[in-house]
Amino acid sequence: MYLLDLQATLGSANAKEKLCICVEGVSHLLYLALVAERDRQVSQLELELQAEIDKFALLLFTTSSKAHDLIGRLFVGSSIRDSVVCEEERSRYEEANRLALRYCQYLAERFPRNEQTGSLLSELRRVYRMG
């Protein structure tokens, strides 16, 4: 299987931001399809949380970045886009970020080595299927 090194391909911060926006959209679509198939409702917070986890997982598996570095960039060193003006929406994004930060920190500590990729994928699938 050929994996593209997104870190090399996406050299600019602008390109990385656009990728993250794309991943969010695809994540929302796939997660909505999953819960619709199960005839279940989903909250906007749940959608945002899953998208944050999906961004972390995609970048972890397709770049040479370490988990703790990604956590710093995605969750600790990030800010809500200026286009988000509604306080309820801003609050939801902040909560999704906070919850994703905790979960991704857990993943980084529980699966610190490359040899544990299979176990990490199993954990990500388990949580995803809870939806």
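Select helices α5 (residues 87-110) and α6 (residues 117-129) in this predicted model. Their axes (lines fitted to C-alpha atoms over the stretch in contact) come within 11 Å and cross at roughly 155 degrees. Angles run from 0 to 180 degrees between N-to-C directions. That makes α5 roughly antiparallel to α6, a term for angles over 145 degrees. Helices are DSSP runs (H or I, at least four residues), numbered from the N terminus.

Now show the side chains between them. Tyr-103, Tyr-106, Leu-107 and Arg-110 of α5 meet Leu-120, Glu-123, Leu-124 and Val-127 of α6; contact means heavy atoms within 4.5 Å.

On α3, select Gln-50, Ile-53, Ala-57, Leu-60 and Phe-61; on α6, select Thr-117, Leu-120, Leu-121, Leu-124 and Tyr-128.

Stop at Leu-124. Which residues does Leu-124 contact, leaving aside its neighbours within four places in sequence? They are Ile-53, Ala-57, Phe-61, Tyr-103 and Leu-107.

Finally, select Phe-56, Ile-71, Phe-75, Leu-107 and Leu-124, which have the most contacts inside the largest nonpolar core, a set of 23 residues. Such a core joins buried (under 20% relative accessible area, 1.4 Å probe, protein chains only) Ala, Val, Leu, Ile, Met, Phe, Trp, Tyr and Cys residues through side-chain atoms within 4.5 Å. α5 gives the most to this core, with 6 residues.

Residues are numbered from 1 along each chain as its sequence is written. Local features need pLDDT of at least 70, side-chain atom pairs count only at pLDDT 80 or more, totals for chains, interfaces and linings use all residues, and side-chain values use heavy atoms, leaving out hydrogens and water.

Definitions and conventions: Helix = DSSP H or I, 4+ residues; strand = E, 2+ residues; numbered from the N terminus. Buried < 20%, exposed > 50% of the residue type's maximum accessible area, 1.4 Å probe, protein only. Parallel < 35°, antiparallel > 145°, perpendicular 65-115°, else oblique.
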